[in-house]
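This report goes through parts of a predicted model.

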Amino acid sequence: MQLTNRAKPVDRKPMTWLESIYLWNIGKGMLITLSHFFKKKATIQYPEKKRTFSQVFRGLQVLNRDEEGRERCTACGLCAVACPAEAITMEAAERQNGEEHLYREEKYAAKYEINMLRCIFCGYCEEACPKDAIYLSQTFAPANYGRSGFIYKKEDLLIPDPIKDPEGYKKALGERSKLKD
Amino acid sequence: MADEIKLFKVTIDNITVEVPPGTSILQAARKIGGDVAPPAMCYYTPLKGSGGKCRTCLVEVAAGSTADPRPMPKLVASCRTNVMDGMVVKNITSPKVMDARNGVVEFLLINHPLDCPICDQAGECHLQDLSYEHGKESTRYEFKKRTFKKHDLGKYIQLHMTRCILCYRCVFTADQVTNNRVHGVLDRGDHSEIATYIKMSLDNDFIGNVIDVCPVGALTDKTFRFKNRVWFTKPVDAHRDCPTCCGKVTLWQRGDEVLRVTARKDQWGEIMNTEDGKPGWICNECRFEKKKTSDWVIEGVMKVSRHSVISANKYINAVKPEETVAAVMGGRAPKLLMDIHNVSDINDPDVDLSLIQGPATGKVFEKKSKS
């Protein structure tokens with residue numbers, strides 16, 4: 001039975017002498033290789049040059065702050081429960097008097113950790129967050145020689161303070177700030 | 001056989017049940033169960049006189065009884081209306097009821113702060129369930145939500161007045177379960193609030209039960225405050241020999257830590273009766289002081305409806321696997337590439353949250369990194 005009529009019967013004739021020295025076919029292949037010299041390069045010089053990511057690229061998580069530089073996260077645990085890889089863990093604490101400039105709400109995440117060995121960068125944490133406190137940035141987790149370097153703590157994840165370090169904040173927001181406008 | 005009670009036949013959403021006279025429509029609907037049972041925010045079976053306040057259990061009575069089959073002119077509160085023989089009730093089959101319920105939920109949420117990410121009740125909150133089913137996506141209310149001056153109710157109970165829906169359950173509980181009520185609803189209308197008037201702490205022996213009866217997060221356990229989310233804790237049925245109460249409780253554990261102790265609740269969120277048929281109220285000592293696993297005799301994992309978020313990752317009849325590598329390798333333990341406790345600050349074995357009286361502060365977790 002034939003599915004299409006494009007099938008060609010295999011030519012099983014013995015090669016002639018001219019064919020058996022492969023000169024013509026080698027030349028044909030070389031021509032293809034040569035033509036690639038004049039095409040656009042598929043690779044880039046990575047550390048010096050970097051590709052721009054798509055606007056919806058899901059990279060390393062960032063813990064967001066509000067306009068006043070207070071941490072947005074309230075340790076509600078929705079990212080942790082949404083996380084399919086169970087990479088996110090946290091410990092909540094009560095905001096004390098005098099800490100109002102640090103934390104936005106009554107409750108905050110005293111400790112917040114993402115195990116990057118587990119994280120699959122699915123972005124469910126960003127979707128689950130009711131406080132706009134976590135988002136996936138356009139960088140990826142850098143390589144590391146040890147495992148312990150992949151336990152990202154709150155200090156590693158927090159975005160720079162928009163008041164103390166406005167440039168760092170803007171850089172960390174990246175393409176996302178353009179998306180919002 | 002003269003004193004045999006004649007059962008009333010009542011049809012709710014086209015399902016007929018037979019109930020004894022004096023049963024409320026709500027109880028009859030609960031006998032059928034499932035979606036037919038109207039939600040109840042203020043009615044609480046063990047509390048006499050509760051109900052009739054929140055209006056979420058409104059149902060339509062299409063026919064009053066066999067003797068008088070006229071429909072009732074208005075929707076009635078099913079928790080306070082008793083059934084009659086031949087009554088025909090419409091709950092979810094009536095668009096009028098669903099519409100009214102949506103309106104009631106919108107009213108309940110007008111002043112609600114919607115701080116579920118912070119609230120300890122989230123996950124087992126009846127208002128959350130209700131608004132999930134009947135709530136609107138956004139509010140039509142344009143004004144500022146009411147706020148209150150903070151009242152301190154002592155070292156056990158945390159009051160968040162903004163979350164309160166004024167169901168009066170805690171007032172009834174204090175009246176009927178404890179021997180001295182010191183709190184109540186003060187003022188009226190928009191200003192009504194749960195308070196003690198003269199600054200008094202709630203420290204009666206059984207006052208902790210107001211936490212269990214509260215349908216929202218207005219009254220929460222201070223000893224559990226912010227320690228964990230309820231859906232991450234493992235509910236385990238346990239009991240102890242308590243001289244003051246029945247001692248039958250549910251422990252909410254993380255690992256072997258007892259983070260919270262509550263009374264056992266049934267599928268309607270109400271306190272379960274103990275074997276002798278009395279409601280299983282528990283005393284403050286069981287609820288707030290016994291925060292060690294060794295204080296309790298563990299009976300087994302609580303049965304949670306699989307639709308509940310709390311049932312996630314809870315395995316009934318789970319067997320803890322033994323370490324096999326050492327047994328197979330002739331006593332040689334597997335090489336651990338990384339002990340998570342060396343790196344992580346979370347779930348620190350040195351920090352026992354259950355032993356901290358109030359909510360944890362940032363300092364609690366800093367201990368390890370300093371030493």
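## A helix pair in chain B

The axes of α2(B), residues 95–110, and of α3(B), residues 126–134, cross at roughly 130° and come within 10 Å. The crossing of α2(B) and α3(B) is left-handed.

On the α2(B) side, the contact is made by B:R101, B:N102, B:V105, B:L108 and B:L109. On the α3(B) side, B:L127, B:L130, B:S131 and B:H134 take part. By class, the residues of this contact between α2(B) and α3(B) divide into 5 nonpolar, 3 polar and 1 charged.

## The five-stranded sheet

Chain B has an open sheet of 5 strands in the order β2-β1-β5-β3-β4, and its pairing is mixed. Strands β2 (15–19) and β4 (76–77) of chain B stand at the edges; each has a single partner strand, so one side of each is left without a neighbour in the sheet.

Inside this order, strand β3 (residues 58–63) of chain B is joined to strand β5 (residues 87–90) of chain B by 3 bridges, and the two run antiparallel. One bridge pairing is that of B:V61 with B:V89 in β5(B).

Two helices pack on the sheet. Helix α1 (residues 25–32) of chain B touches β1 (8–12), β2, β3 and β5 of chain B, and the direction of α1 makes about 115° with that of β2(B). Helix α2 of chain B touches β3 and β5 of chain B, and the direction of α2 makes about 160° with that of β3(B).

## The four-stranded sheet

A further open sheet in chain B has 4 strands in the order β12-β11-β10-β13, with antiparallel pairing. Its edge strands are β12 (257–263) and β13 of chain B, each pairing on one side only. From one strand to the next, the twist averages 35°.

Which strands pair with β10(B)? Strand β10 (residues 234–239) of chain B pairs with strand β11 (residues 248–254) of chain B in the antiparallel sense over 6 bridges. In that pairing B:V236 stands opposite B:L251 in β11(B). Strand β10(B) is also joined by 4 bridges to strand β13 (residues 297–301) of chain B, and these two run antiparallel. Here B:D237 stands opposite B:G300 in β13(B).

## Domains of chain B

According to the domain assignment, chain B is divided into domain 1 (8–104), domain 2 (142–221), domain 3 (230–311) and domain 4 (331–370). The centres of domain 2 and domain 4 of chain B, taken over C-alpha atoms, are separated by 36 Å.

## The contact with chain A

How many residues of chain B are in contact with chain A? The contact involves 20 residues of chain B and 23 residues of chain A. Helix α9 (residues 362–370) of chain B supplies the largest share of the chain B side, 3 residues. By class, the side of chain B that touches chain A has 13 nonpolar, 4 polar and 3 charged residues.

Notes:
Residues numbered from 1 in each chain as written. Chains lettered and ligands numbered in written order. Predicted model: local features only at pLDDT ≥ 70, side-chain atom pairs only at ≥ 80, totals over all residues. Contact = placed C-beta atoms within 7 Å. Nonpolar A, V, L, I, M, F, W, Y, C, P; charged D, E, K, R; others polar. Pairing = 2+ DSSP bridges. Axes fitted to C-alpha atoms, helices over the stretch in contact; angles between N-to-C directions. Left-handed = near helix turned anticlockwise from the far one by under 90°. Domains from an automatic or database assignment.
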